[in-house]
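User: I have a model open and want to go through some side-chain contacts. Can you take me through them?

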Amino acid sequence: MNPFRHFLYALILAATIQQVCLAASPNVWGAFLGIDHSPIDPSSIPIAWSPTKNIAWSMPLKGYGQSSPVIFGNRVFVTTIEGPNKEKNIVSCFDLNTGEFQWHKSFVSSDPVKNSTFVSRAAPTPVVDKHCVYCFFESGDIIALTHAGETKWQISLSQKYGKFENEYGLGSSPIMTQGTLFVLIDDPGPSYLIALDCKTGTIVWKTDRMSRGSWTSPMLLRIGDETQILCSSAGTIDAYSHKDGSLLWTYEGVGGNRICSPFVFADGSFLVGSQTSREFKDEDSVKQSNFAMKVHKKGDTWSPEILWRNEKMTPGMASPVAFGGYAYWLGRTGAVLCFDVSTGEEKYAERIQQSCWATPLAIGDRLYLFGKDGLTTVISVGPKFNVLAENQLWDEEAITTDQSIIDRETEPRRKAAAAMHAGPEVMGVACVSGSLVIRTGDRLFCVRLTNK
């Protein structure tokens, strides 16, 4: 055979194999904030929707939860809790295409506490891979289930290392890399970062941390060919070896970084969000603690460096994010602040109609801002504030409040606060090509291009 023709056939065969492999690859949104998610085709996700347009399906959930859903292939997994004292930890599975309920499994909590709007309720987002879905609950229970719902292993961190003492519960979501699951426990009681073998649940290593109250999630920080476990939490930013849990570097003097998780936007680079709270009221410290940071390696030493600071606005519940060369902070009352991510130059300060608890999502050149009361504002990614659509997820006139969560509270201040959370609230999202899944406390919605 002609050598050139042989070479040409080889190229065609390789391209064909690659296309087949890509076609066979499942769509994955595998963890909190979609860490290492599958590429999303922007043309497959609608810009506009309403209760009667582009809602493919809507399904009620058993119990209540604040975690984001995760997706693997044609399955959507979500966690909830149930019972007056959060006695049950629940994992549910739905068909992504149809919304059809597949299965749910209920587990007895190893540390039941009063079910209240003041305590986290199934807040940690699960992690999923091709083998299992790994679910962590604020009771300390970690459960690994196959995609068919078979329990592979289960462990209780609160029974093994001591009960958690945070009066508001835990919110940290696990992460995973190279077959190892990592869970951050930052608590007024025992605090630690722990690694578990995904196949068996065996403890690989455990690194103790200073006791603290925090609800942030760890992230994977890649610097060149190295991967670190990044933790921004209650006064410090720390990075650990994913291999043995050794502390690689730390940055101290951060004020108010107890809710927002760090957002990695480039090699060795990430955003930190901090805010005042009942636990931390030092406004001056917080103003210095919203920034972009980059980590360098000088010889054998890691060196974190602040690139620029945002001293103008602190975030609400949503973590700051960066997409397409721009960084965004979302305030508690709907303010949106945009910066050039390279220089820190402010591009605009605007306002949307609702505050956001879920962290924004970028799809192509669009940024989706998920208002907690169901109104998603879609804006253009870029230096100018440009609203593309405002989309209400449910019919506001049909909404009823859950009186039971109000009646549970006896103290007037708590009863008034509970009344603010008696209606549906958007907690988290997951997205793959063709489907945007939005989760409230007790329902899943799938937004998709339809003929309606």
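**Side-chain contacts**

Analyst: Start with Ser289, whose side chain comes to 2.8 Å from the backbone nitrogen of Gly255. That is a polar contact (N or O atoms within 3.5 Å; within protein, one must be able to donate a hydrogen and the other to accept it, and residues adjacent in sequence count only if both atoms are side-chain atoms). The model is predicted: local features need pLDDT of at least 70, side-chain atom pairs 80 or more, while totals for chains, interfaces and linings use all residues. Numbering runs from 1 along each chain as its sequence is written, and side-chain values use heavy atoms, without hydrogens and water.

User: Is Ser289 buried or exposed?

Analyst: Ser289 is buried, at 1% relative accessibility. Buried means under 20% relative accessible area, exposed over 50%, partly exposed in between (1.4 Å probe, protein chains only).

User: Switching topic. How many aromatic pairs are there?

Analyst: The whole structure has 15. Rings of Phe, Tyr and Trp (its six-membered ring) pair with centres within 6.5 Å; planes under 30 degrees apart are stacked, over 60 edge-to-face, the rest tilted.

User: What about Tyr251 and Phe291?

Analyst: Their ring centres are 6.2 Å apart and the planes are at 65°, so this pair is edge-to-face.

User: And how accessible are Tyr251 and Phe291?

Analyst: Tyr251 is partly exposed at 23%. Phe291 is buried at 1%.
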